[in-house]
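Subject: Structure handover

Hello,

Here is the structure we talked about passing on. Please open it alongside this note. My findings follow below.

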Amino acid sequence: MFITFDSKFYKYFCLENKIRMKKNIAGIRTDYTKNSMSDMDLCSDPVQQFKTWFDHALNTKVTEANAMVLSTVSSEGLPSGRVLLLKNVEDSGFTFFTNYSSSKAKDLEANPKASMTFFWPELEQQIRIAGTIEKLDSTISDTYFYSRPRASQISALASNQSARIENRDKLMREVERIEKLYENKEIPRPENWGGYMLKPVTVEFWQGRASRLHDRFLYELIDGEWQISRLAP
């Protein structure tokens with residue numbers, strides 16, 4: 001079955017849809033009324049405050065509460081963001097894992113600073129974390145790699161992340177090759193795969209409020225001490 005298009009009609013349809021979409025997008029808004037935040041609610045340390053909010057997000061069954069946007073800047077100064085999963089949080093920082101040959105890793109090699117953004121619409125909350133990046137020790141990367149499902153271990157070997165590939169079939173053939181190669185064997189962690197830690201220097205907690213009068217508190221690391229300020233919404 002072949003479908004033909006009238007080019008004039010199609011252009012008209014696209015124009016009408018573009019106008020309609022512009023109107024619809026401009027009208028999208030939500031008034032946030034679920035909660036509030038004051039300085040009396042805050043821990044003195046932002047990592048502890050993050051853990052408090054994160055535990056609450058988990059307990060209220062926020063969808064993928066550990067999903068966050070990792071933003072980096074390339075050597076040419078071009079910013080880039082992508083969704084990753086947070087894998088650990090401790091007093092010293094926030095951990096994630098990736099391919100060391102990926103686009104994000106190349107950005108981090110050129111500019112070892114990044115930010116993480118968490119947004120939980122169910123709670124009308126956002127957290128922004130910015131800081132410096134350090135590679136994790138290989139033993140930590142090993143421990144996490146071997147805790148992953150076997151299929152995820154195989155994908156780490158099969159995918160040269162961010163590299164251009166001809167088609168998905170080629171990727172799946174590589175998966176099959178690795179599955180046969182390591183059948184009934186332990187899969188080694190690739191040398192170009194491992195973890196990073198973001199060590200925060202600023203952390204902002206945002207609580208949505210009605211009429212866009214949101215509550216925002218910024219933690220800044222100044223001379224080794226965390227200073228807290230309320231920000232205008």
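Start at Phe50. Leaving aside residues up to four places away in sequence, Phe50 touches Leu86, Val89, Phe94, Phe118, Ile127, Ile129 and Phe205. Keep in mind that this is a predicted model.

Cores

Phe50 belongs to the largest nonpolar core, which has 34 residues. Within that core, the residues that touch the most other members are Phe50, Phe96, Met116, Phe118, Trp120, Ile127 and Ile129. Two or more residues each come from helix 2, strand 1 (67-73), strand 4, helix 3 (103-110), strand 5 (113-120), strand 6 (125-135), strand 7 (193-207) and strand 8 (215-222). Helix 2 gives the most, with five residues. There is also a second, separate core of 13 residues. Leu136, Ala158, Val175 and Tyr182 are among its members.

Aromatic rings

The structure holds 16 aromatic pairs. Take Phe205 and Tyr219. Their ring centres are 5.6 Å apart and their planes stand at 70°, so this pair is edge-to-face. It links distant parts of the chain: Phe205 sits in strand 7 and Tyr219 in strand 8, 14 residues apart. Are these two buried or exposed? Phe205 has 0% relative accessibility, so Phe205 counts as buried. Tyr219 is also at 0% and therefore counts as buried. Elsewhere, one aromatic cluster is formed by Phe50, Phe54, Phe94, Phe118 and Trp120.

Pockets

The largest pocket has a volume of about 380 Å³. Its lining has 17 residues, and Phe97, Thr98, Arg148, Gln161 and Trp193 lie nearest the centre. Strand 2 (79-85), strand 4 (93-99) and helix 5 (150-158) each supply at least two lining residues. Strand 2 gives the most, with four. By class, this lining divides into seven nonpolar, six polar and four charged residues.

The second largest pocket has a volume of about 160 Å³. Which part of the chain gives the most to its lining? That is helix 2 (residues 46-59), with three residues. Residues that line this pocket include Lys34, Asp41, Gln49, Trp53, His56, Glu122 and Gln207.

Best wishes

Definitions and conventions. Residues are numbered from 1 along each chain as its sequence is written. This is a predicted model: local features need pLDDT of at least 70, side-chain atom pairs count only at pLDDT 80 or more; totals for chains, interfaces and linings use all residues. Side-chain values use heavy atoms; hydrogens and water are left out. On a 1 Å grid over the protein atoms alone, a cavity is a set of points where a 1.4 Å probe fits but cannot get out, and a pocket is an open set with protein on both sides within 12 Å along at least five of seven lines; lining residues have an atom within 4 Å of a point. Grid points are joined across faces, edges and corners, and a volume is the space filled by probe spheres set on the points. Ala, Val, Leu, Ile, Met, Phe, Trp, Tyr, Cys and Pro count as nonpolar, Asp, Glu, Lys and Arg as charged, and the others, Gly among them, as polar. A nonpolar core is a set of buried Ala, Val, Leu, Ile, Met, Phe, Trp, Tyr and Cys residues joined through side-chain atoms within 4.5 Å. Buried means under 20% relative accessible area, exposed over 50%, partly exposed in between (1.4 Å probe, protein chains only). Contact means heavy atoms within 4.5 Å. Rings of Phe, Tyr and Trp (its six-membered ring) pair if their centres lie within 6.5 Å; planes under 30 degrees apart count as stacked, over 60 as edge-to-face and the rest as tilted.
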